[in-house]
Amino acid sequence: MSEKPLISTRDLSVHYPLRGGLIGPKPVVRAVESVSVDITRGSFFGLVGESGSGKTTFGRALLRAAPITRGSIKYDDGEVNYDLTTIDDKQLKDYRSRAQLIFQDPYAALSPRMTVRDIIAEPLQVMGLTKTREETDARVREIAAKCRLNLEHLRRFPHAFSGGQRQRISIARALVSAPQFVVADESVAALDVSIQADVLNLLKSIQQEMGLTFLFISHDLSVVAHICDHVAVMYLGRLVETAPTRELFAAPRHPYTKALLSAIPSLDPDARGTAQKLEGEIPSPTNPPPGCKFNTRCPFAIDICRKDEPKLESSGSEHNVACHRWRELAETEVPA
Amino acid sequence: MTSLLNVENLTLQFDTDEGRITAVDDVSFSLKQGEVMGLVGESGSGKSVTAKALMKLNPGNAHYSDSTKITLHLADWAVDIMSLKSSRDMQVVRGGAISMIFQEPMASFAPAISIGDQMVEQLLIHTDMTKKRAREVSIEMLDRVGISDASKRFKQFAFELSGGMRQRAMIAMALSTKPKLLIADEPTTALDVTIQAQVIDLMKDLVDDFGMGIIFITHDLGVIAQTADNVAVMYLGRIVEQGPVREVIRTPAHPYTQGLLAALPDLEDMDSPLVPIPGDIPSPLERPPGCVFHTRCSVAIAGKCNTEIPEFVQIDANHRAACHLATKGGRAS
């Protein structure tokens with residue numbers, strides 16, 4: 001793995017204006033606020049958070065599919081480098097073939113009226129990546145085989161397939177243009193556990209084989225723990241903690257990360273009631289609390305947390321945390 | 001503890017355009033008062049259909065076999081559910097003795113009627129409360145499930161509440177008639193983990209307070225481990241393994257249960273590879289003969305598992321598995 005970032009964002013903010021009243025400032029949803037992060041080439045980068053934390057919007061911004069209000073996104077794959085805030089139409093077309101998205105729901109993502117072959121071939125045709133039908137077919141068959149699809153099934157329609165097979169079709173379509181960067185947004189959330197394991201294994205093996213960089217968006221920390229090498233935790237549009245996966249799970253520093261980890265239902269029936277419970281719900285992004293965005297639910301919040309917003313700061317090699325009290329909490333607190 | 005519910009030989013088929021399909025096949029279980037039973041399985045395993053059968057809520061193309069017998073034991077009356085014909089007779093059971101909460105609280109509340117009016121309506125149907133009393137009881141229930149400012153929420157509509165709040169309101173509504181049996185169909189699946197933990201805690205409190213039996217349907221074995229006393233694992237309409245939750249999770253006897261557990265990402269051991277169960281759940285139109293799981297089973301014996309339907313083997317006092325390879329006190333592997 002090279003250490004150069006493929007994607008690097010600085011102070012990235014995505015705000016959506018809301019219809020407001022006649023007087024006063026228009027309300028805005030601050031979906032993503034001042035996010036600075038580097039995604040290393042060839043890494044499997046996890047992004048976790050509850051619904052409403054802004055993780056999907058962040059993923060879309062990296063694909064230039066959400067409006068960038070402030071800040072910058074730089075992309076550099078060694079062949080080309082783009083500044084996504086100033087990219088022109090011609091470059092954007094090229095970027096589209098280099099950055100792809102895999103959706104959550106394989107039942108909604110595939111057109112029921114196209115054959116599997118046409119679904120997978122569509123990006124090649126839209127982007128003009130292949131010249132002849134033979135060339136297209138060859139590419140489709142190659143990627144379908146990589147995604148462990150039965151080549152005889154290419155002439156069928158999506159309704160004939162199960163959820164796991166459909167998700168493999170979605171993956172094949174995302175990868176057919178030979179992208180460098182793939183955003184997988186809750187790509188296994190709709191699958192049964194026995195199938196989920198299969199799709200995760202497939203994503204990992206393809207990532208390693210093709211040297212891809214993944215942004216893996218998920219609400220499921222145990223899935224992220226297994227597949228990602230780096231994890232960022234988001235809350236109300238902000239990054240609250242980023243670290244290599246092992247480090248994050250062994251020594252979580254932010255109270256939110258700790259709470260998320262302890263909320264995962266344990267498979268041990270004797271561990272009942274030991275979890276550290278988080279009160280309340282995520283506040284509305286139109287009216288976030290002042291100071292640290294987590295202060296309304298944080299059991300350790302003190303005055304400064306309600307006034308000043310903590311910056312993401314280094315707490316060791318590659319481990320960053322945005323909490324005023326992480327140092328004292330790390331010293332005094334028992335692990336979650 | 002006294003027996004609350006007995007289900008014997010429940011077999012349920014649906015007429016579809018492609019033919020008659022079997023959704024539930026010879027399912028038997030029982031539930032005591034105050035017991036939480038987990039019903040686990042993947043999509044298509046028949047767990048929701050089984051639960052709905054307890055209230056005969058399945059659509060008109062459903063056929064129950066003659067051998068099906070469902071008995072609900074109320075204080076002074078053993079209700080034979082299958083013999084209830086008119087929807088008037090069913091009212092005693094539906095929403096009265098049995099309540100159900102669903103996965104999607106947004107889809108379960110009427111969008112144009114306030115939460116409060118919906119709660120009052122069912123109390124007027126199922127109890128002899130006055131409207132004023134029904135109102136008081138509803139607000140008390142909303143308060144009890146941890147909704148702050150209950151009298152204000154009472155007047156609000158479902159869209160005005162957050163997901164976690166809606167599920168709490170749904171639980172309040174389901175419990176306000178003081179049912180003997182609560183069926184919870186994936187009640188936490190649509191919620192974030194932190195909210196899920198809150199709802200699970202709430203449900204455990206309520207069981208202690210009200211002492212009703214709960215059938216908790218989920219695909220998440222972690223949720224089962226945290227809530228249930230006993231668990232039944234379903235696959236393609238059959239119960240393949242059932243028993244006390246500790247035994248089933250720690251020493252699973254059926255290869256399907258073992259496979260489900262192996263496929264789960266484990267936070268304690270991040271290095272162990274995820275092991276999927278090979279293949280997909282077959283279409284109900286192509287139900288495999290013999291053991292329904294043999295097409296995906298890594299230890300299936302040709303000539304036996306694909307022809308003979310396995311009987312239940314008693315693993316331990318209350319733990320049993322339907323597998324040709326399961327042995328008393330041991331496990332198939």
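Domain bounds in this predicted model come from an automatic or database domain assignment. For chain A, that assignment gives domain 1 (1-113 + 171-235) and domain 2 (252-336). Residues are numbered from 1 along each chain as its sequence is written, and chains are lettered from A in the order in which they are written. In this predicted model, local features need pLDDT of at least 70, side-chain atom pairs count only at pLDDT 80 or more, and totals for chains, interfaces and linings use all residues, while side-chain values use heavy atoms, with hydrogens and water left out.

**View 1. An open sheet of four strands in chain A has the order β2-β1-β4-β5, with antiparallel pairing.** β2 (28-40) and β5 (81-83) of chain A stand at the edges with a single partner strand each, so one side of each has no neighbour in the sheet. Neighbouring strands of this sheet are turned by 15° against each other on average, direction ignored. Strands (E, at least two residues) and helices (H or I, at least four) are DSSP runs, numbered from the N terminus, and two strands pair if DSSP finds at least two bridges between them.

**View 2. Strands β1 (residues 5-17) and β4 (residues 70-76) of chain A pair in the antiparallel sense over five bridges.** Within this pair, A:R10 stands opposite A:S72 in β4(A).

**View 3. Helix α1 (residues 55-62) of chain A lies across β1, β2 and β4 of chain A.** This helix runs at about 120° to β1(A). Helix α2 (residues 89-98) of chain A packs on the sheet, touching β1, β4 and β5 of chain A, and its direction makes about 115° with that of β5(A). Axes are lines fitted to C-alpha atoms, for helices over the stretch in contact (heavy atoms within 4.5 Å), and angles run from 0 to 180 degrees between N-to-C directions.

**View 4. Domain 1 and domain 2 of chain A bury about 1200 Å² between them, 69% of it on carbon and sulfur atoms.** Buried area is the accessible area (1.4 Å probe) that two parts lose on being put together, summed over both. In domain 1 of chain A, A:E50, A:L221 and A:Y235 lose the most area to domain 2 of chain A, together 49% of what that side buries.

**View 5. The side chains of A:E50 and A:R297 meet in a salt bridge (3.0 Å, N to O).** A salt bridge is a side-chain nitrogen of Lys or Arg within 4 Å of a carboxyl oxygen of Asp or Glu. The count between domain 1 and domain 2 of chain A is one salt bridge.
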